[in-house]
Amino acid sequence: MDEGERPRAAITIDNLHFSYPGAGRPLFANLSLHLPAGGFHALFGPSGIGKSTLARILAGLTACSGRRSTAGPVLYTYNTERLPGWLTIGEHLRQVAAAPAATTTLATLEDRFGIDHCLNRRFGQLSLGQQNRVNLIRYLLQDFQTLIMDESLANVDEGTRERIIITLKEHYPDRSFLYISHNVLEVARFCRQIILLREAAKEPQIVAIEGLDATAGHPVSQTRLERTVLEILHAG
Amino acid sequence: MLANRLLQFLLLYFLAIGGLLAMKYLLGLSDYVIPGVAAMATAFTEMAAIYLGDLLDSLRVALLGHALSLLLAAGVGILASRSTALGSLIRAAAYTVQTYPIVAVAPIIFILLGDGLASRLLITILVCYFPLLLTTISVLTEPVADIEHFFISTGRNRWSLQVAIRLYENMGKLITVVAGSATLAMVGTIVAEFVAADAGIGFSIRKALYQSDLAHILVALFLVGIWTSIYLGVLETAGALIEKKWRNPAGGG
């Protein structure tokens with residue numbers, strides 16, 4: 001695609017080359033990626049293909065060769081993060097929601113994410129699903145343009161996960177989310193663009209597929225969902 | 001915990017006494033080499049009170065030395081954990097200096113400071129300070145990535161917060177080392193007294209050794225073992241309570 005025709009991008013990466021020290025073959029060679037600005041997108045691919053490494057590169061946390069540009073602050077969160085154990089969840093969230101606007105958002109998110117009953121507990125006393133939700137909330141209170149969620153809802157039940165994704169779309173329509181998940185149905189239904197990461201030997205290594213971008217008021221038909229799922233699976 | 005420590009010590013002590021007596025009767029050794037049960041009992045009744053006074057004197061030095069070591073190790077460890085030239089220098093010095101056996105350095109300390117409290121205290125500190133320092137450095141230089149990531153990403157990472165996270169996450173390890181170094185403090189004090197001091201249980205053991213009085217030495221070792229076990233047990237119990245309160249609080253909702 002010509003540079004001039006591209007839609008506005010949250011993150012752009014061109015000619016990315018990356019190898020782990022001592023690895024025989026590069027993980028990424030001459031890889032280019034364009035994450036559209038705004039919307040809920042997915043980075044999809046089999047385990048061990050390099051999704052987390054790519055996500056960290058996109059967030060600027062891992063050094064690589066190539067050109068990277070972003071439209072604003074990019075944050076990266078992953079599912080095994082923990083909170084300091086000496087504070088209760090409520091104390092920690094209030095500390096990191098410094099701005100008054102964030103405090104208002106916090107109250108909404110606590111309710112929508114279903115964690116309002118565990119604010120007096122410590123992080124270690126929560127279930128894994130509650131830990132995932134609490135961790136995600138504190139990132140949502142920050143100043144970001146793009147949030148990369150590396151399996152951030154991996155331990156959350158399906159119903160709650162869907163409610164959270166819908167909430168993100170409703171409350172942050174102008175922000176970009178890059179959601180890493182292994183649930184093909186979920187990414188096909190809820191994501192606007194699915195960035196499929198394939199083996200380094202395949203050309204191109206990245207394939208972008210249009211998702212169904214379901215919202216609360218716009219559910220998707222079973223036929224369209226099956227078609228998109230098949231498209232993702234065939235492209236892989 | 002405290003009862004276990006005492007029980008473990010008593011078991012080991014009486015096994016060792018049993019071994020000595022078995023050796024005495026199997027090899028037909030004289031009372032001069034290994035005293036009999038009666039001589040041991042007599043030595044206990046005669047010397048226990050005197051040695052208890054000496055031991056409490058040693059324990060006072062050990063406690064003070066241990067406390068000073070903790071403060072010193074915490075302060076120097078925090079400085080050494082910083083990514084500065086001073087931090088690197090302290091880390092290198094700590095690893096190098098701790099390879100010297102303190103017993104070899106002890107005579108120099110006694111020559112310079114005399115055989116009073118200062119020498120005993122300094123040797124005690126040197127013996128239990130390095131394990132504490134090396135643990136503190138190791139804890140403070142090891143990132144807790146899954147907690148620190150958020151603070152780094154959002155620009156909230158402060159050095160004091162980083163120290164707090166690393167200390168909190170390694171509380172169990174630190175408590176184990178603090179409790180373990182209590183025995184080192186006792187060892188350091190006794191070594192100092194044994195080498196050249198003029199007071200304490202180490203000094204009494206040295207006198208008994210010069211008189212080849214094994215019964216008196218066994219009484220002294222019994223008291224040392226009992227009180228060291230108590231000190232260790234108290235620290236471990238306190239550590240467990242601290243961990244329970246801070247790391248694994250019950251309930252919360």
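Predicted model: local features only at pLDDT ≥ 70, side-chain atom pairs only at ≥ 80, totals over all residues.
A residue counts as buried when its relative accessible area is under 20%, as exposed when it is over 50%, and as partly exposed in between.

Side chains of opposite charge can pair when their charged atoms come close. Over all chains, the structure holds 15 salt bridges. One of them joins Asp14(A) to Arg67(A), with 2.9 Å between the closest N and O atoms. The two partners belong to distant parts of the chain: Asp14(A) is in strand S1 (residues 9-18) and Arg67(A) is in strand S4 (residues 65-70), 53 residues apart. Are these two residues buried or exposed, or do they fall in between? Asp14(A) has a relative accessibility of 14% and therefore counts as buried. Arg67(A), in contrast, has a relative accessibility of 46%, so this residue counts as partly exposed.

A second salt bridge in chain A is formed by the side chains of Arg138(A) and Glu81(A), at 3.6 Å from N to O. Arg138(A) lies in helix H4 of chain A, while Glu81(A) lies in the loop between S5 and H2, so the pair ties together parts that are 57 residues apart in sequence. Both Arg138(A) and Glu81(A) are buried.

The discussion now turns to the place where the two chains meet. How many residues of each chain are in contact with the other? On chain A there are 21 such residues, and on chain B there are 22. The area buried between chain A and chain B is about 1700 Å², and carbon and sulfur atoms give 56% of this area. Across the interface there are two salt bridges.

Which elements of chain A supply at least two residues each to the side that touches chain B? They are strand S5 (74-78), helix H2 (89-96) and helix H4 (128-140). Strand S5 of chain A gives the most to this side, namely four residues. By type, the residues on the side of chain A that touches chain B divide into nine nonpolar, seven polar and five charged.

One of the salt bridges between the chains can be examined individually. The side chains of Asp146(B) and Arg82(A) meet at 2.8 Å, N to O. With a relative accessible area of 27%, Arg82(A) is partly exposed. Salt bridges may also share partners, and in this way Asp57(B), Arg60(B), Arg120(B) and Glu193(B) are joined into one network.

Chain B as a whole may be described next. This chain has ten helices and zero strands. The C-alpha atoms of chain B fill a box of roughly 75 × 50 × 30 Å along the principal axes. Of the 253 residues in chain B, 43% are buried. Among the contacts in chain B with a separation of 6 or more, 74% come from residues 24 or more positions apart. Chain B exposes about 12700 Å², and 72% of this area is supplied by carbon and sulfur atoms.

Arg161(A) is placed in helix H5 (residues 158-171) of chain A. What is the relative accessibility of Arg161(A)? The value is 11%, and Arg161(A) therefore counts as buried. Its side chain makes a polar contact of 2.5 Å with the side chain of Glu186(A). When residues up to four places away in sequence are not counted, Arg161(A) touches Leu153(A), Val156(A), Tyr179(A), Asn183(A) and Glu186(A).

Leu35(A) is found in strand S2 (residues 28-36) of chain A. Leu35(A) has a relative accessible area of 0% and is therefore buried. Beyond residues up to four places away in sequence, Leu35(A) touches several others, including Ala9(A), Ile11(A), His41(A), Thr146(A), Leu178(A) and Ile195(A). Leu35(A) and His171(A) are 136 residues apart in sequence, and their C-alpha atoms are 20 Å apart in space.

Technical notes. Residues numbered from 1 in each chain as written. Chains lettered and ligands numbered in written order. Heavy atoms only, no water. Contact = heavy atoms within 4.5 Å. Buried area = accessible area lost by both parts, 1.4 Å probe. Salt bridge = Lys/Arg side-chain N within 4 Å of Asp/Glu carboxyl O. Nonpolar A, V, L, I, M, F, W, Y, C, P; charged D, E, K, R; others polar. Buried < 20%, exposed > 50% of the residue type's maximum accessible area, 1.4 Å probe, protein only. Polar contact = N/O pair within 3.5 Å; in protein donor to acceptor, adjacent residues only side chain to side chain. Areas by Shrake-Rupley, 256 points an atom, 1.4 Å probe, with all protein chains shown as cover.
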